[in-house]
Amino acid sequence: MEDETKNNWGSTAWAHLSSTRQHSPLIQCITNFVSMDFMANTLLAAGASPAMLHSLQEIPDFTPNINALCINIGTLTADWLPAMKMAAEVAVKAGKPWVLDPVAAGASKFRLEACIELVKLKPCVIRGNGSEILALFRASVGSTKGVDSMHDSTDAIEAAKSLAEASGCIVAVSGAVDIVTDGKRVVGARNGVAMLQKITATGCSVTALIAAFVAVDPVHAFEATATALSIFGVAAEMAIDLSKGPASLRMHLIDSLYGLDHSTVLKRVNITSL
Amino acid sequence: MEDETKNNWGSTAWAHLSSTRQHSPLIQCITNFVSMDFMANTLLAAGASPAMLHSLQEIPDFTPNINALCINIGTLTADWLPAMKMAAEVAVKAGKPWVLDPVAAGASKFRLEACIELVKLKPCVIRGNGSEILALFRASVGSTKGVDSMHDSTDAIEAAKSLAEASGCIVAVSGAVDIVTDGKRVVGARNGVAMLQKITATGCSVTALIAAFVAVDPVHAFEATATALSIFGVAAEMAIDLSKGPASLRMHLIDSLYGLDHSTVLKRVNITSL
Amino acid sequence: MEDETKNNWGSTAWAHLSSTRQHSPLIQCITNFVSMDFMANTLLAAGASPAMLHSLQEIPDFTPNINALCINIGTLTADWLPAMKMAAEVAVKAGKPWVLDPVAAGASKFRLEACIELVKLKPCVIRGNGSEILALFRASVGSTKGVDSMHDSTDAIEAAKSLAEASGCIVAVSGAVDIVTDGKRVVGARNGVAMLQKITATGCSVTALIAAFVAVDPVHAFEATATALSIFGVAAEMAIDLSKGPASLRMHLIDSLYGLDHSTVLKRVNITSL
């Protein structure tokens, strides 16, 4: 029974990766300066087509033609926020899904307020680490559930579920086990390696991969989120044996993602209900 | 006869690379956020000296001392355009060549208009892919030649020739075969590997290499453009056998460019008249 | 005697690296676009926790909680300067050390004036190459010592000493031998490889590593600056044998920094009094 479920998720993950390679969805990324290069290369390696475009003047022309939008607030400044909000609004109006990465959501009042405004613009998926999701939950849902001591992804499940329910988004929490929830269902994606934390922008890049998978399967955003997290993790697992440290891991990760084959995906993808 | 021509181009390419290594031309780059790191490393690997400097306040002091300027509109916003225009004007006034990379020229009205303004500021070379050159041609020359169906570099030859003639620039069109024209002469640079398209900012980086080669041989900008495209392609050809995917290709490409020797250049450079 | 001194420096360097790995100091970086990715990965590989955060709105909330601040003016524009100054002020007020990288200080009047303003805000350490330190010295101390012909790190010793004395900072000058002075003491860190100059942002990244080492040993900023320069150089020495060019050197450098062990540090660190 467990094997069967695992194979179903493996097949679904392969379908999402194959579809991304086949359709090469156009993913607009409004992201931080640190991650732009790695994010673009992650999307290219997965078969998607990245467009790092964030000027107010061209969002009305450009954004209606994309397949999904990825907004990441990593190096947020006040002058970037209007473009993020406009792009989210144009995307939603055009029926295109968008994904939010609330980097360091709790680092400042400014940042948290920006996140709350963005969450109101109906992202399809929010992906962060435990403390980011917790900060968002507290700010936008309220801290009434005794979650003050939560700090890893498993502890953050309740916060993620509440946030998902309140916002209508899929919420993903990265950690030792990646958690995905739509407020009712909860799955854990159990792929990846610990050394990913020693490479900058891996979280940003997997969020972009979620955008690509959601772009090719928008009616199954819950599944697409889980498979993107898992596929990125599988690529890291394939890479780690070839790596001597974080920089070679980063290189082999992209190479592995580019070359991932059917049997590896079926064998490795490990997503289970929680 | 064909071998002789090939050897002439090989010798010219080697002369440009050697001269870049010897003179280390200072190349100012006003470029997009995605490409900055890879572009700087490409220039360094080729022996040039990159300077990523784009503030209005210092262009009057700095730009007269450069050897060439590379302007790339990849992540264009309204606040960057004045610096691009000022730098182009200062460069032209100081007799320094500049090169334009009209990334995604047709993606929005804003971007296309920015390109047209920049083309008027007399770039020495314009390098883009087929659809970018076509968008520029249509906007600045007019769409009267039945080129509406053009979309790859070979199809774009006529558009490139017209654009070169109308603007007085060398025009290069990247594709399976890279095309270079001054409006009269047309050559094809037949080096490179398909997987380059899976690495972000390779186009941006080759444009910067064109700027370096034009800097060391400004009176032969046509030839320098063709040899830069070819040398970058040769470096990729040397790299591909060592690579398992796009990220290792990117690494080996820079290493190969750094180490390219005379005999490899002579043997591999493949530029022919079209 | 010399071996004993060398071993003392080796032990000190290991103490700084170990402490960085153990305490994972939070290093805020306000840096140029080119270096962000490599700098963040350098800090992560050394065990520190990077935060690329530069918005005026959140510095008051965020900066008091950091362990050190790194300010780098590589791609300076007028709109970034207020955040740099505010962050420096908040850091100093909160008793957190900050480190200045005056990239291309002499490239323009605008840049030099920005540097002088920043130096007045009491950085703990200034690290530049010979011409940057010389430009700063001339502008902020005065060109009265006949140093007009200085251009490498050894020649710049007198300028560095004067600048250190006048500003109260530790001053480091990168070059074939890296010089560190507090105005009285002068040491040379003799690690590293020449090919580092062919990789962009290595200077920026070592400045960030200085910030991390100063964060874990703020009362010994002179020693921490020297050991950071040396540890980065040792990582490069370990990497060079595995490398075929600048791009593989960059990768192996990060991997080596991540994996550096006690005996290698003791054996390799080479810092001597000058």
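Which side chains meet in a salt bridge at 2.7 Å, N to O? They are those of Arg250 of chain A, Arg250(A), and Asp37 of chain C, Asp37(C). A salt bridge here is a side-chain nitrogen of Lys or Arg within 4 Å of a carboxyl oxygen of Asp or Glu.

Before going further, a word on what you are looking at. This is a predicted model, in which local features need pLDDT of at least 70 and side-chain atom pairs count only at pLDDT 80 or more, while totals for chains, interfaces and linings use all residues. Residues are numbered from 1 along each chain as its sequence is written, chains are lettered from A and ligands numbered from 1 in the order in which they are written, and side-chain values use heavy atoms, with hydrogens and water left out.

How confident is the predictor? With pLDDT as its confidence in each residue, from 0 to 100, chain A has a mean of 93, and 93% of its residues reach 70 or more. Take care with residues 143-150 of chain A, where the pLDDT is below 50; beyond near neighbours in sequence, that stretch has 14 contacts in the model. For the complex, the ipTM is 0.94 and the pTM is 0.95.

Now back to the interface. Counting contact as heavy atoms within 4.5 Å, 24 residues of chain A touch 22 residues of chain C. The two chains bury about 2000 Å² between them, 63% of it on carbon and sulfur atoms; buried area is the accessible area (1.4 Å probe) that two parts lose on being put together, summed over both. On the chain A side, Phe33(A), Val34(A) and Lys198(A) lose the most area to chain C, together 26% of what that side buries.

The rule finds two salt bridges across this interface, the pair of Arg250(A) and Asp37(C) being a salt bridge. Among helices (DSSP runs of H or I, at least four residues, numbered from the N terminus), helix 5 (109-119) and helix 10 (246-259) of chain A each supply at least two residues to the side that touches chain C. Helix 10 gives the most, with five residues.

Finally, look at how the copies are arranged. The copies use different surfaces: 8% of the contact residues of chain A recur in chain C.

Notes:
pLDDT is the predictor's confidence in each residue, from 0 to 100.
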